[in-house]
Amino acid sequence: MPNDKDNNNTIPDSVTSNGETAAENQTLSKRQRKKLLKHQKWEEERELRKQKRKERKQQRRLERQSQFEEGGEANSSRKRLRREVTPSSLRLVVDCSFDSLMMLKDVRKLHKQIQRCYAENRRALHPVQFYLTSLGGQLKQNMDENDKGWVNWKDITVKTEHYHEVLAKEELVYLTSDSPNVLTELDQSKAYVIGGLVDHNHHKGITFERAKELGIEHAQLPLSSFVKMNSRKVLAVNHVFEIILAYLEKGSWQEAFFTVLPQRKGAVAVDQDKEEEDSDSDSDTNTPDHEERGEDVKLSKERSDA
């Protein structure tokens, strides 16, 4: 026969469980209780969230289908535009062999200029064959640390070797503002080299000297023929790169220069500058005539008074 005393002392499991829960709640801090309730609510609404995701997915599918049906003509137009992009056989090389001549802050500037070159070439109407040569040292380290995705860049040839080891010597033309040769048009069979150097005039003429040492052709862009600037003629790497891309698209050096050159350079068209000079000279030569006519009027008045 069961012992009544034992029965009276037995506590139901539910009571024990509730008691433990209550004890746990008492030991939890206010923040912990709040977090626990939030988690319970999140679990309870799991199915609701799943249903909402399904509905949103279905809605997006219907929207895409509707856009496809309504915008078929627009989509085909965009495809036609993409097909009109025709790559150029012209090669543009950024020579990165000046790494040891630059401070780290200038290396970082060069890195940004190269990024800009890559981005502009990717969306150009006539993208060029882009080369980076002599990549190493501070520049590569900076790229690895701050732009890890550069290793996945497309449509670019990256070499640790010097450009004259990568390309045929007779195909090379170094673009340098110190060259006496002025470029009038671009030769699609050539590889044009841009000096990857941010030097603030510390190493003036170094790219020209390097080109002469290697015995390769050199030339400068016809900047002075079309543009008068307040600042120096030396352009950033990305400016030279973008000017050539613009010339390939527009077929005009003047349009290319004024499309790319920043406002702070104070660029003015040579024709416009000449017109302003002629206007100024005309006003200067007219000034004495006005003064003479003024003297004549004054003399005439004096005679009439007499």
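## Exercises on a predicted model

V93 of strand β1 stands opposite Y131 in β2.

**Exercise 1.** Determine how many bridges join β1 to β2, and whether the two strands run parallel or antiparallel.

*Solution.* Locate β1 at residues 91–95 and β2 at residues 129–133. Between them there are 5 bridges, and the strands run parallel. In general, strands of a sheet pair through backbone hydrogen bonds, in either a parallel or an antiparallel manner.

**Exercise 2.** Identify the buried residues of α7 and explain why they are on the same side of the helix.

*Solution.* The buried residues of α7 are L139, N142 and M143. Because they cover an arc of only 100 degrees around the axis, they are placed on the same side of α7. As a general rule, an α-helix has 3.6 residues a turn, so residues three or four places apart point the same way. Next, consider the cover: α6 and β2 are among the elements over the buried residues of α7.

**Exercise 3.** Examine D147: where is it found, and which side chain of opposite charge is nearest?

*Solution.* D147 is found in the loop between α7 (137–146) and β3 (156–158). D147 is buried yet has no salt bridge. The nearest side chain of opposite charge is that of K148, 9.1 Å away, whereas a salt bridge requires a separation within 4 Å. Beyond residues up to four places away in sequence, D147 touches H111, Q115, N142 and W153.

**Exercise 4.** Decide whether L197 is buried or exposed, and list its contacts outside its sequence neighbourhood.

*Solution.* L197 is found in the loop between β5 (191–195) and α9 (206–214). Its relative accessible area is 16%; since buried means under 20%, L197 is buried. Leaving aside neighbours within four places in sequence, L197 is in contact with F98, M102, L110, H203, I206 and V237. Finally, L197 and V94 are 103 residues apart in sequence, with 9.4 Å between their C-alpha atoms.

Notes:
Residues numbered from 1 in each chain as written. Predicted model: local features only at pLDDT ≥ 70, side-chain atom pairs only at ≥ 80, totals over all residues. Heavy atoms only, no water. Helix = DSSP H or I, 4+ residues; strand = E, 2+ residues; numbered from the N terminus. Buried < 20%, exposed > 50% of the residue type's maximum accessible area, 1.4 Å probe, protein only. Contact = heavy atoms within 4.5 Å. Lys, Arg positive; Asp, Glu negative; His and termini not counted. Pairing = 2+ DSSP bridges. Arc of directions from axis to C-beta.
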